[in-house]
Amino acid sequence: MRTNILQYLEETAARVPEKVSFSDGKDSVTFAELYRGARSIGSFLAEKNCRRRAVAVLMDKHPHAIVTFMGIIYSGAYYVALDAQMPSLRMQMIIDTIDPAFIITDEKHRKTADALGREVLIYSDIVNHTENAPLLDKIRTHQIDTDPIYVVFTSGSTGVPKGVAACHRSVIDYTESLCEAIGFDENTVFGNQTPLYFDAPLKEIMPTLKFGATAYLIPKQLFMFPVKLCEYLNEHGVNTICWVVSALTMISSLGVLEKTPPKHLTTVCFGSEVFPKKQYELWRNALPEARFFNLYGPTEATGMSCYWPATRTLGENEPIPVGKPFRNTDIFLITDDGKEAPDGEVGEIYIRGTCVTLGYISNPEKTAEAFVQNPLNDKYPELVYRTGDLGRFNSYGELEFVSRKDSQIKHMGHRIELGEIEAAASTCEGVRQVCAVYPAEKKKIVLYYVGEATSAELTAYLLKLVPRYMIPGEYRNLETMPLTANCKINRKFLLDEASQS
Amino acid sequence: MEKLIEILENLHEGIDYETCETLIDDGILDSLDIVTLITDINDAFDVAIPPEEILPENFNSAKAIFALIEKLDNI
């Protein structure tokens, strides 16, 4: 019985020690190196007694980051990967929330890490630390599968990011069910797109550890240059990708599939956003032999919860379904009056299962709002996750995503609360009222505001507070905000206006 | 050039496109911007930027983008 994700690493390192586990195309680590490095870092941290503490990781997307994550888990701590590009105020907010025992970084990010006011460790100083096997064994005997292994931060509507904590058991459950549904094996060569500070890369990291596959962590900049990106995939024989839709459409919409087809690809998973039908068809036609899967799931349920294998032709106006839940995950829909939605009707998507994570770190209020007693069960305690997503089951019994209940959006694959942008913008000098809207067809965040500030001032100010992907693409200055009958900002009116002009 | 600056301003306001030479290096343009930008340029200048010209050095500054447009226009 697996109760610890490190068992995957240990089994695989014993079986194929010399095989490359993770690479960015330049630097690689084998499974044996990953195992040894992780145990060294784990020993170092364990000797400082980090059990049940957070350890922050400020490193680029590189194989060494994976070694560090595993090392942190060996010590009985949990890792929190930080986006090195995020504004320093936001980073400080996260550090204050998690109260980490250490920040592990490399020479490149040392200055940024030092500014956070915590004890900083340099990767190269600890990766060769002498292994302390008795101490690691002792920690292992006390570890149980409900202990957290990571915290991932997502946008929060009040302006404070929320950190989702997940445990061994949820990640093992996710790994097993994902691998079974999609069918990875030791010959899988992943091309990872998503940054390591989200839950999304678990799709590559965990099956790689389980099967002894290989994962290429593709440098971020390549995603702007589609020909180079496809050449990279071909050079490394990448056969499996799990990417956000915007990364896939970038390749198809610029005509790269004909020019430099990613010829080794046999499995293409996509998700996080609605795939425009035309782009989806371009991919299907370019890779007729490949298997395509639509994936859906919130960070709060570990990773993905649902999958739809593209094995049937969709009707003209039929959306791409998000499909059926993974094994050991249950999905049900609840209507506004708290009852289960009848077949074909829209309801809020609730998720039940071992995949449901531990909650938001140091945030019991937000946790209690989203991790709730199953509304269909009043007999015994049973926590389920309410997603805030609206969905319906189609005639095939497949789940379809309809929309969000609130003002959370997906922009470039990033999950963003418009409220976080509004909270940040409203503290800018010369800004009195704000409202952010996202006309989906334009794929652009539009910020309406009342005040004397210029758009340049607002951009400069926001860059200090929120990640680059949350910066509005357009600002519209208003004399007064349009209001609804009960004197709230008329969001719907502004959204319609932004969509039209 | 004015037309190009206008297209860029439409993508993101509040950036000095006349002088900025690190649109890519500093992550000012992201991958969706590149897609939008190419579509807009193709329409506005009646050119067709081929995939092999979508390179960092061609998009790092308004000047470089404009040079690419002129090159394609002369073919």
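Mentor: Let us begin with the domains. The centres of domain 2 of chain A and domain 3 of chain A, taken over C-alpha atoms, are 30 Å apart. Domain bounds come from an automatic or database domain assignment; chain A is divided into domain 1 (30-143), domain 2 (325-404) and domain 3 (416-500). This is a predicted model, in which local features need pLDDT of at least 70 and side-chain atom pairs count only at pLDDT 80 or more, while totals for chains, interfaces and linings use all residues. Residues are numbered from 1 along each chain as its sequence is written, and chains are lettered from A and ligands numbered from 1 in the order in which they are written.

Trainee: How many helices and strands are there in chain B?

Mentor: Helices (H or I, at least four residues) and strands (E, at least two) are DSSP runs, numbered from the N terminus. Chain B has four helices and zero strands.

Trainee: How is contact between chain A and chain B to be read?

Mentor: Two residues are in contact if their C-beta atoms, placed from the backbone, lie within 7 Å. Here, 17 residues of chain B are in contact with 26 residues of chain A. On the side of chain A that touches chain B, H16(A) gives the most, with five residues.

Trainee: Into which classes do the residues of that side of chain A divide?

Mentor: They comprise 15 nonpolar (Ala, Val, Leu, Ile, Met, Phe, Trp, Tyr, Cys and Pro), four charged (Asp, Glu, Lys and Arg) and seven polar residues (the others, Gly among them).
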